[in-house]
Number of protein chains: 2
Amino acid sequence: MTQTLLSNRERGTFKVLKAWRNEPFPVYGPGRTLLLSIERAGSGLFGITTHGVHMNAYIVEGGKIKYWVAQRAAHKKYYPGMLDNTVGGGLTTGEDPLKGVVREAVEEAAFPEAVVLENANPAGVITYLGIPETGLLKPDCIFVYDLLLPSDIIPTPGDQEVENFKLLDIDQMQTALAAGKFKPNCALVIIDFFIRHGILTAENEKDYIEISARLHRNPEFPTA
Amino acid sequence: MTQTLLSNRERGTFKVLKAWRNEPFPVYGPGRTLLLSIERAGSGLFGITTHGVHMNAYIVEGGKIKYWVAQRAAHKKYYPGMLDNTVGGGLTTGEDPLKGVVREAVEEAAFPEAVVLENANPAGVITYLGIPETGLLKPDCIFVYDLLLPSDIIPTPGDQEVENFKLLDIDQMQTALAAGKFKPNCALVIIDFFIRHGILTAENEKDYIEISARLHRNPEFPTA
């Protein structure tokens, strides 16, 4: 499989293969059986379900939530410069979600590992069918974590993935969401965060029930 | 409509009409339009979607969650004596979820209204197709609230609906769930609570993704 993808990469058959990552993504069959691994860049060609971990790091000041938003680096191939969750990334073969989110939190946001292990709370999983910039339909599962930060800890770019982190209040988040400044699947993670924290409610959002259901689509294809 | 139900009640055509409640339930059409109201006892005969509000009241002791479980009164028509969420009830026509949960919290658990208004957090909505004891398929939406209680507030039975309240730790909750002691739809609310609070995780539950999706079914029939 990898050999076939590599030769297609050389021939330039598929544009997505130019973004070769050297990250093996798992391909599951019925009953969550791991069938094989596939290079991340090629996974979209086969419509397989991908799995990621995203984390919402926030503080509470005067009873109000403020959220640490990441801005994606300008050189990124997909969604350069757009806003993102505090931490996010894909799960490679054999990596469990908690290990994945700790790794990403240390790499991308330079959070101390102990702070993440102590404070990160698994808060659910969102499931949806996305159409990312590649144009290839992408069934996706994102394991979601909340990280209520101790006051002395702030994120700082730990690798080349993030341009900067900004602490936004809820009004600023909503304005940025409405203006389409967030990478689309990161916006889903934030909407789920807003629902769980009582910011988006049945009283202030007429499509509340439908939004909740669509954030948790019953996957049509095998998942982890 | 009410007249037809009442005459059928007198004739004893349908057993469910014996549990007449004098509570008007809303019937919605496409686009969340309120079409009409129907007596709660008769709603199940038509398969309409019902809407409820349930609240998880809990405390945190030494970093561990303890949950205030209600035991349903022995004289209740459905699920007598079974375990229940701290507060729960149906939404009648024109009642919004927050008002409904405050009303139920005061009536059933004798919580001071101000404590509920101050501390109840809207935490999402679960959607599912239930088959309750009536045997009639019941599409249901439950608006879920979490109430982290101040240490000096405990629930006490406020009406005839609840036998008693018991403070259970997570192990005791899981044992009671596994033994089938909870009213089934209240068990769903607790599983959702366990997911949001990081008790049920991708690492300790192999069906995590499927459970999450099934707690948020895309409603087939019109809802609020």
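A salt bridge is a side-chain nitrogen of Lys or Arg within 4 Å of a carboxyl oxygen of Asp or Glu. In this predicted model, R32(A) and D207(B) meet that description, with their closest N and O atoms 2.7 Å apart.

Polar contacts across the interface of chain A and chain B come to 14 residue pairs. On the chain A side, α3 (97-109), β7 (120-130), β8 (138-148), α6 (184-196) and α7 (208-214) each supply at least two of the residues that touch chain B. The largest share, six residues, comes from β7(A). Sorted by class, the side of chain A that touches chain B holds 15 nonpolar, 11 polar and eight charged residues.

In terms of area, chain A and chain B bury about 2500 Å² between them, and 59% of this lies on carbon and sulfur atoms. R32(A), E203(A) and I209(A) together provide 24% of the area that chain A buries against chain B, more than any other three residues. In residues, the contact takes 34 from chain A and 34 from chain B.

Turning to chain A on its own, the secondary structure comprises seven helices and nine strands. The C-alpha atoms fill a box of roughly 55 × 35 × 30 Å along the principal axes. For 224 residues, a compact globule would have a radius of gyration near 17 Å, and the 18 Å of chain A agrees with this. Of the 224 residues, 48% count as buried. Among contacts between residues at least 6 apart in sequence, 63% join residues at least 24 apart.

Y79(A) counts as buried because its relative accessible area is 11%, under the 20% limit. Leaving aside residues up to four places away in sequence, Y79(A) touches R72(A), I131(A), P132(A), E133(A), K183(A) and P184(A). The C-alpha atoms of Y79(A) and F182(A) are separated by 8.9 Å, although the two residues are 103 apart along the chain.

Over all chains, a search of the whole structure finds 29 salt bridges. Side chains of opposite charge can pair when their charged atoms come close. One of the pairs within chain A joins D146(A) and R196(A), at 2.8 Å from N to O. This pair links distant parts of the chain, with D146(A) in strand β8 and R196(A) in helix α6, 50 residues apart. D146(A) is buried at 5% relative accessibility, and R196(A) is buried at 9%.

Another salt bridge connects E23(A) with R40(A), whose closest N and O atoms are 2.9 Å apart. E23(A) lies in the loop between α1 (2-11) and β1 (24-28) and R40(A) in helix α2 (residues 40-43), so the pair ties together parts 17 residues apart in sequence. E23(A) is partly exposed at 23% relative accessibility, and R40(A) is partly exposed at 23%. E61(A) and K66(A) also meet in a salt bridge, at 3.2 Å from N to O; E61(A) is partly exposed at 43%, as is K66(A) at 26%. Finally, E95(A), R103(A), E104(A) and E107(A) are linked in a network of salt bridges.

Terms used: Residues are numbered from 1 along each chain as its sequence is written. Chains are lettered from A and ligands numbered from 1 in the order in which they are written. This is a predicted model: local features need pLDDT of at least 70, side-chain atom pairs count only at pLDDT 80 or more; totals for chains, interfaces and linings use all residues. Side-chain values use heavy atoms; hydrogens and water are left out. Contact means heavy atoms within 4.5 Å. Buried area is the accessible area (1.4 Å probe) that two parts lose on being put together, summed over both. A polar contact is a pair of N or O atoms within 3.5 Å; within protein, one must be able to donate a hydrogen and the other to accept it, and residues adjacent in sequence count only if both atoms are side-chain atoms. Helices (H or I, at least four residues) and strands (E, at least two) are DSSP runs, numbered from the N terminus. Ala, Val, Leu, Ile, Met, Phe, Trp, Tyr, Cys and Pro count as nonpolar, Asp, Glu, Lys and Arg as charged, and the others, Gly among them, as polar. The radius of gyration is taken over C-alpha atoms; the globule rule is 2.2 Å times the number of residues to the power 0.38. Buried means under 20% relative accessible area, exposed over 50%, partly exposed in between (1.4 Å probe, protein chains only).
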